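This report describes selected features of a single protein chain. Please consult the sequence and the model shown below while reading.

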Amino acid sequence: MIPSPDHIPVLLPEVLHALAITPGEVHVDGTFGAGGYTRAMANAGAQVHAFDQDPDAIAAGQSLVTESGGQITLHHARFGDMAQVLAAANIDAVDGVTLDIGVSSMHLDQAQRGFSFQSDGPADMRMAQDGPTAADFLNEADETVIADVLYQYGEERQSRRIARAIVAARPITTTTQIAAIVRKAIGKKPGDKKDPATRTFQAIRIHINDELGELERGLEAAERLLRPGGKIAVVTFHSLEDRIVKNFLRERSGSDAAPSRHLPQNTRTRSAPTFLKPAKAVRPTQAEQALNPRARSATLRSAERTSAAPRSASAASNAKSDTVMP
């Protein structure tokens, strides 16, 4: 039995129930973080391949890899690249894929990583610790671009006002500076439960880490990797993420709405479903939310893989066949 840490991941019993692990199965934890899901999967008897783009998570996870005695393999890579990474390790199919999307507790609790406005730190927010920082984006991007990012990824209705205030306050260097700018720009209405800066921080973080693009790549990679009967379990924390997962599973299972009979008929035949009808979405219990306030916005969606050819692979094949050679 692999020891349990103090950190308990969100919806852990529900995720394990969705995965229905049988000892000896091969599972992927696409978002290793502090290792909570990986540890639980290994305790259930799975061989686990865990992924994380953050070098700090990889370094901290080495002790767990050692303790597992070969049951856990840790990959320093983005989960969107899981199919290629596992193919290099001669693994072309797995029994389960789990994704816990968004920022981890580990990131939020470390002020120097710049993900939280609860304590002062550099305006960084990079999960992989490479590429442009939040400060780089806020100091260099056009006001219109900043406003679009805040609106698209934070669903912030006051995006233009905030962007104008950010540009006027340059240079931006710290998390508390960003939060103060937002609070001054839009104020806080009586009864607001969330800090006014919450949506802005979410939007900036999603943008510089390409989180939604990575989620889409991860879902397609899982579709390619899962063998028939394999399970996918995805935990999301806000509507943008959840909408992508919900629509992907609905479309891949054939559960999406049928086209209107008034629309022109599509001559292409509909692809066979690659997933069975998704399970009903699961939310944390009141007890879990009381124990872990960060769980309150979590949603778990899961589904079982069919034997149909992956849609992403067939789409790529169609694209090649549709190309007109010069």
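In which sense do strands E1 and E2 pair, and over how many bridges? Strand E1 (residues 26-29) and E2 pair in the parallel sense, over four bridges. Two strands pair if DSSP finds at least two bridges between them; helices (H or I, at least four residues) and strands (E, at least two) are DSSP runs, numbered from the N terminus.

The model is predicted: local features need pLDDT of at least 70, side-chain atom pairs count only at pLDDT 80 or more, and totals for chains, interfaces and linings use all residues. Residues are numbered from 1 along each chain as its sequence is written, and side-chain values use heavy atoms, with hydrogens and water left out.

**The sheet**

The open sheet has six strands in the order E3-E2-E1-E4-E5-E6, with mixed pairing. Strand E3 (72-76) and strand E6 (299-304) stand at the edges; each has a single partner strand, so one side of each is left without a neighbour in the sheet. From one strand to the next, the twist averages 15 degrees.

| Strand pair | Sense | Bridges | A bridge pair |
|---|---|---|---|
| E1 and E2 | parallel | four | Asp29 and Ala50 |
| E1 and E4 | parallel | three | His27 and Gly96 |
| E5 and E6 | antiparallel | six | Val234 and Arg301 |

Two of the strands are mostly covered. In E2 (residues 47-52), five of the six residues are buried, and in E4 six of seven are buried; buried means under 20% relative accessible area, exposed over 50%, and partly exposed in between (1.4 Å probe, protein chains only).

Helices also lie against this sheet. Helix H1 (residues 12-19) lies across E1, strand E4 (94-100), E5 and E6, and runs at about 165 degrees to E5. H13 packs on the sheet as well, touching E5 and E6, and its direction makes about 20 degrees with that of E6. Axes are lines fitted to C-alpha atoms, for helices over the stretch in contact, and angles run from 0 to 180 degrees between N-to-C directions.

**Helix H11 and its surroundings**

Helix H11 (residues 198-209) has twelve residues and reaches 17 Å from its first C-alpha to its last, close to the 16 Å expected at 1.5 Å a residue; the expected span is 1.5 Å times one less than the number of residues. Its buried residues include Phe201, Ile204 and Ile206. The buried residues of H11 pack against several helices, among them H8 (143-154), H12 (211-225) and H13 (239-253). Just after H11, Asp210 takes a positive phi of about 50 degrees.

The axes of H8 and H11 come within 8 Å and cross at roughly 100 degrees. H8 is therefore roughly perpendicular to H11, a term that covers angles of 65 to 115 degrees. Val149, Leu150, Tyr153 and Gly154 in H8 meet residues of H11 that include Thr200, Ala203 and His207, where contact means heavy atoms within 4.5 Å.

**Ala40**

Ala40 is found in helix H2 (residues 36-43) and is buried, with a relative accessible area of 12%. Leaving aside neighbours within four places in sequence, Ala40 is in contact with Leu12 and Leu16.

Methods: Angles under 35 degrees count as roughly parallel, over 145 as roughly antiparallel, 65 to 115 as roughly perpendicular and the rest as oblique.
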